[in-house]
Amino acid sequence: MKTLNRFLIESSIQMPLYNIIQYIIQPSKDLSRKINIAGLEDILGEADATNVQGEEQKKLDVYANDAFVASLSNCTHCAAMISEETEEMISTPFPNAEYIVAFDPVDGSSNIDVNVSIGTIFSVYKRKSTDGPVTLDDCLQAGSNQLAAGYIIYGSSTILVMTTGTGVHSFTLEPHIDKFYLSETDIKTPQTGKIYSINEGNYIKFPEGVKKYIKYCQENDKPSNRPYSSRYIGSMVADFHRNLKKGGIFIYPSTEKDPSGKLRVLYECNPMSFLVEQAGGKATNGYDRILDQTPSSLHERTPIFMGSTDMVNKVGEYMQEFSPKK
Ligand code: AHM
């Protein structure tokens with residue numbers, strides 16, 4: 001069995017990136033343990049606080065955020081962190097360093113209290129400016145600039161799925177010895193699938209193109225394997241992971257109330273889009289490639305359509321026809 005460390009060394013990534021990945025992965029092991037015994041620790045439930053987006057924070061959100069911030073604050077290559085749970089950029093004690101880490105410490109918070117899979121999402125960028133202390137502008141980058149991205153899914157086992165731009169690989173945590181071991185190399189997502197994942201409770205508020213696509217998914221058509229199955233966990237990491245392996249599409253569109261959707265460009269959409277593209281899939285905002293958009297603020301959101309290429313293309317056709325870009 002090959003450890004994550006050995007895999008990274010053999011893949012000859014640059015030392016700073018190797019180092020940063022270590023500082024990201026370390027707290028996830030402790031977090032995995034905590035999640036496994038969550039009912040016995042005081043980490044379930046609300047933290048009686050809200051984050052920058054006005055969303056209720058769970059105790060685990062706060063615990064995990066603190067753990068990743070503490071770990072990366074010791075990484076001499078990391079100039080700054082940006083977190084879904086924190087309003088401003090967090091400079092580390094090394095503000096002249098070259099790299100920036102973005103993370104969502106716990107994705108799928110609403111599932112924490114009911115023992116359903118949740119995850120941590122991360123990505124790494126090189127800062128834009130070349131000297132002086134890191135600035136906010138250094139963090140506002142297109143997803144195509146990511147050097148690494150991944151997620152740790154705390155499910156029936158704890159799995160790290162990661163890319164450094166040369167394919168997608170997964171590693172399983174062996175909890176007894178606290179090490180991640182390589183479990184799958186070069187994961188490819190099927191070109192098409194049978195699963196669509198969307199919160200259909202919001203149907204009435206969806207753009208016409210999405211409504212029409214959902215109806216398409218539900219039609220009877222043997223040659224194209226329809227009707228598809230609807231699967232929605234409400235933890236993006238878990239929904240993404242299933243679709244990555246089995247083929248499918250995940251959609252979080254705009255709604256009348258939230259024209260930019262719910263999910264954040266820097267913490268959720270960019271890393272997942274990098275992964276899905278590396279696995280041979282596709283990610284758009286319904287029209288354009290996610291990775292080409294440069295956010296203008298840290299907590300900017302975007303609609304997202306990602307997964308098997310044929311399915312993303314199909315919904316794209318419906319969007320063009322019934323909800324043309326304004
Ligand atoms: P969170 O960061 O508060 O957990 O929100 C992100 C989650 C995603 O994991 C998931 O896809 C989505 O929110 C579900 O939202 P909804 O309940 O509106 O369908």
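1. Basis. The model is predicted, so local features need pLDDT of at least 70 and side-chain atom pairs count only at pLDDT 80 or more, while totals for chains, interfaces and linings use all residues. Residues are numbered from 1 along each chain as its sequence is written, and side-chain values use heavy atoms, with hydrogens and water left out.

2. Aromatic pairs. There are ten aromatic pairs in the structure. Rings of Phe, Tyr and Trp (its six-membered ring) pair if their centres lie within 6.5 Å; planes under 30 degrees apart count as stacked, over 60 as edge-to-face and the rest as tilted. The pair of Phe 68 and Phe 103 is tilted, because the ring centres are 5.7 Å apart and the planes are at 40°.

3. Setting of Phe 68 and Phe 103. Phe 68 belongs to helix H3 (residues 59–72) and Phe 103 to strand E5 (residues 99–107), so this pair ties together parts that are 35 residues apart in sequence. Helices (H or I, at least four residues) and strands (E, at least two) are DSSP runs, numbered from the N terminus. Phe 68 is buried at 1% relative accessibility, and Phe 103 is buried with a relative accessible area of 2%. Here buried means under 20% relative accessible area, exposed over 50%, and partly exposed in between (1.4 Å probe, protein chains only).

4. Tyr 232 and Phe 250. These two residues form a stacked pair, 6.4 Å centre to centre with 20° between the planes. Tyr 232 lies in the loop between strand E12 (229–230) and helix H6 (236–246), and Phe 250 lies in strand E13 (residues 249–252), so the pair ties together parts that are 18 residues apart in sequence. Tyr 232 is partly exposed at 31% relative accessibility, whereas Phe 250 is buried at a relative accessible area of 2%.

5. Ring cluster and charges. Tyr 213, Tyr 216, Tyr 228, Tyr 318 and Phe 322 are linked into a cluster by ring pairs. Lys 212 lies over the face of Phe 322, at 4.8 Å from the ring centre. Arg 226 lies over the face of Tyr 216, at 3.7 Å from the ring centre. The criterion is that NZ of Lys or CZ of Arg is within 6 Å of the ring centre and within 35 degrees of the ring normal.

6. Ile 233. This residue is found in the loop between E12 and H6 and is partly exposed, at 35% relative accessibility.

7. Arg 301. Arg 301 is in the loop between strand E14 (282–284) and strand E15 (304–307), and counts as partly exposed at 24% relative accessibility. The side chain of Arg 301 reaches the backbone oxygen of Lys 262 at 2.8 Å. Arg 301 and Thr 92 are 209 residues apart along the chain, with their C-alpha atoms separated by 25 Å.

8. Thr 158, in strand E8 (residues 158–163), is buried with a relative accessible area of 6%. Its side chain is joined to that of Ser 32 by a polar contact of 2.8 Å (a pair of N or O atoms within 3.5 Å; within protein, one must be able to donate a hydrogen and the other to accept it, and residues adjacent in sequence count only if both atoms are side-chain atoms). Ile 121, in strand E6 (residues 118–126), is buried with a relative accessible area of 0%.
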